[in-house]
Amino acid sequence: MRYRGKKSSALKVRAAQKTLRIERLEGRQMLSGDVATAIVSPSWFSNFVAADAIRHADAPSIQANSTAGTSIPQISNAATNQHDWIVQFRANSLSGIANAADTARLLPNNGGRFQVLEGLGVVGEVLVRSTGVTLNQAQAALQADANIASYELDSVKAAAALPNDALFSQEWSLRNTGQYGTAALADIHATDAWNLSTGSRSVVVAVIDTGVDYTHPDLAGNIWTNAHAGSD
């Protein structure tokens, strides 16, 4: 349909005055179907982990040990026989339970070897740490607890950018795990840098040395060639 005369002109003016605005929204994470249908309560968002405690049982802590006056970082074994679990209690066991802290009495052995670390927001769902028992012993205790509807191990997964070089394990200066009797972690933390970036072909790095084997398999595909070499 076409409009003529003054009406048509007015429509064109209003259309010209409208502008398109695009706004980037913050990142959001959708709840899974099971969680979305559960009851989420503010009183179940809580954290009971001490400030000096390890954040996760599977994450090794680092401490400095002094040897001959030298501080050497080493991996601590403080997390031995400690495991973190996501535990969901049965609805009929939550009578009289007002928040995550109160669930401690529902754990095996009245919480003697199990500690509530955190409320995960969903009523009856908490993060629990087992201490002083093996993985299988903790699992057996959780499975036998009539108050627990479900549980799963809360494990840490980490990805590292490691080269496919068969001899990389010998490069203790890049990633030192204590090979050859060296001090663990005494390296340049190359793998940490590679997790951020493994370089760019647009960057040329000059190495000042007495020479380099530019035919070496590790270097041949990355050696820069001056396209104007020998030209006037």
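Author: Start with the terms for cover. Buried means under 20% relative accessible area, exposed means over 50%, and partly exposed lies in between. Keep in mind that this is a predicted model.

Now the aromatic pairs. The whole structure holds two of them. A pair of aromatic rings is described by the distance of the centres and the angle of the planes.

Take Trp 85 and Tyr 151. Their ring centres lie 6.0 Å apart, with 70° between the planes. That pair is edge-to-face, because planes over 60 degrees apart count that way. Trp 85 sits in strand β4, and Tyr 151 sits in strand β7, residues 148-153. The two are 66 residues apart in sequence, so the pair ties together separate parts of the chain. Cover differs between the partners. Trp 85 has a relative accessible area of 2%, so this residue is buried. Tyr 151 comes to 24% and counts as partly exposed.

Next come Phe 168 and Trp 194. Here the centres are 6.0 Å apart and the planes meet at 45°, so the pair is tilted. Phe 168 belongs to the loop between β7 and α4, while Trp 194 is in helix α4, residues 190-196. This pair ties together parts that are 26 residues apart in sequence. Phe 168 is buried, at 10% relative accessibility. Trp 194 has 27%. That value falls between 20% and 50%, so Trp 194 is partly exposed.

Asp 84 forms a salt bridge with Arg 129. The closest N and O atoms are 2.7 Å apart. Asp 84 lies in strand β4, residues 82-89, and Arg 129 lies in strand β6, residues 125-131. The partners are 45 residues apart, and the pair links distant parts of the chain. Both Asp 84 and Arg 129 are buried. The count of salt bridges comes to one.

Last, a look at the surface. Val 212, Tyr 214, Leu 219 and Ile 223 form a nonpolar patch there. Together they have about 380 Å² of accessible area. Leu 219 is placed in the segment after α4. The relative accessible area of Leu 219 is 33%, so this residue is partly exposed. A patch takes residues with over 30% relative accessible area, so Leu 219 clears that cut-off.

Technical notes:
Residues are numbered from 1 along each chain as its sequence is written. This is a predicted model: local features need pLDDT of at least 70, side-chain atom pairs count only at pLDDT 80 or more; totals for chains, interfaces and linings use all residues. Side-chain values use heavy atoms; hydrogens and water are left out. A salt bridge is a side-chain nitrogen of Lys or Arg within 4 Å of a carboxyl oxygen of Asp or Glu. Helices (H or I, at least four residues) and strands (E, at least two) are DSSP runs, numbered from the N terminus. Buried means under 20% relative accessible area, exposed over 50%, partly exposed in between (1.4 Å probe, protein chains only). Rings of Phe, Tyr and Trp (its six-membered ring) pair if their centres lie within 6.5 Å; planes under 30 degrees apart count as stacked, over 60 as edge-to-face and the rest as tilted. Patches are made of residues with over 30% relative accessible area and no salt bridge: like charges are joined within 9 Å, nonpolar side chains (Val, Leu, Ile, Met, Phe, Trp, Tyr) within 5 Å. Accessible areas come from the Shrake-Rupley method with a 1.4 Å probe; for residues, only the protein chains shown count as cover.
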